[in-house]
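This report describes selected local features of a protein model. Please consult the sequence and the structure shown below alongside the text.

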Amino acid sequence: MLKKIAASLLVASGVLCAASSAHAQYTGPSQAVAYKNVADILKNPVDDVRVTLRGKIVNRLSDDMYQFSDGTGIIKVEIDEEDFAGQRVDANTQVEIWGKIDKDLMRDPEVDVKRLTVIR
């Protein structure tokens, strides 16, 4: 019986150690692209890079396509209806968007928005 308890404790401690190390993150220098604004994205777009931008949605182009401006440039953004989460947004509303750059060879870069927050 004592051996079973010891074995169970050993397995449990191994699982806990593995779980805690899975959350560790590297925080040192990186070669990853980090964009500060729309102008940076338009200069050198890299597909699937995550971005966070603050600015305004200035125009609706279609059901889920909009133009976004942060004062440094204008870029198309794809925002699904559920990403608005019931928030009312117009051309004067300051928002923060999180998403990924979508860059194809034959068209201008866009941002596929995953989350939108109204800045109050």
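Asp90 is found in the loop between β3 and β4. Strands here are DSSP runs of E with at least two residues, helices are runs of H or I with at least four residues, and both are numbered from the N terminus. The model is a predicted one, in which local features need pLDDT of at least 70 and side-chain atom pairs count only at pLDDT 80 or more, while totals for chains, interfaces and linings use all residues. Residues are numbered from 1 along each chain as its sequence is written, and side-chain values use heavy atoms, with hydrogens and water left out.

With a relative accessible area of 42%, Asp90 is partly exposed; buried means under 20%, exposed over 50%, and partly exposed in between (1.4 Å probe, protein chains only). The side chain of Asp90 makes a polar contact with the side chain of Thr93 at 3.0 Å. A polar atom of the Asp90 side chain also lies 2.8 Å from the backbone nitrogen of Asn92. A polar contact is a pair of N or O atoms within 3.5 Å; within protein, one must be able to donate a hydrogen and the other to accept it, and residues adjacent in sequence count only if both atoms are side-chain atoms. Arg60 is 30 residues from Asp90 along the chain, and their C-alpha atoms are separated by 9.8 Å.

## Aromatic rings

Rings of Phe, Tyr and Trp (its six-membered ring) pair if their centres lie within 6.5 Å; planes under 30 degrees apart count as stacked, over 60 as edge-to-face and the rest as tilted. The count by this rule is one aromatic pair. The ring centres of Tyr66 and Phe84 are 5.6 Å apart and the planes are at 70 degrees, so the pair is edge-to-face. Because Tyr66 lies in strand β2 (residues 65-69) and Phe84 in the loop between β3 (74-78) and β4 (94-102), the pair ties together parts that are 18 residues apart in sequence. Tyr66 is buried at 8% relative accessibility, and Phe84 is buried at 14%.

The charged end of Arg115 sits over the ring of Trp98, 3.9 Å from its centre; this requires NZ of Lys or CZ of Arg within 6 Å of the ring centre and within 35 degrees of the ring normal.

## Positive phi values

Asp48, a residue other than glycine, has a positive phi near 70 degrees. Asp48 is found in the loop between α2 (38-43) and β1 (50-60) and is partly exposed at 48% relative accessibility.

Ala85, in the loop between β3 and β4, has a positive phi near 50 degrees. Its relative accessible area is 59%, so Ala85 is exposed.
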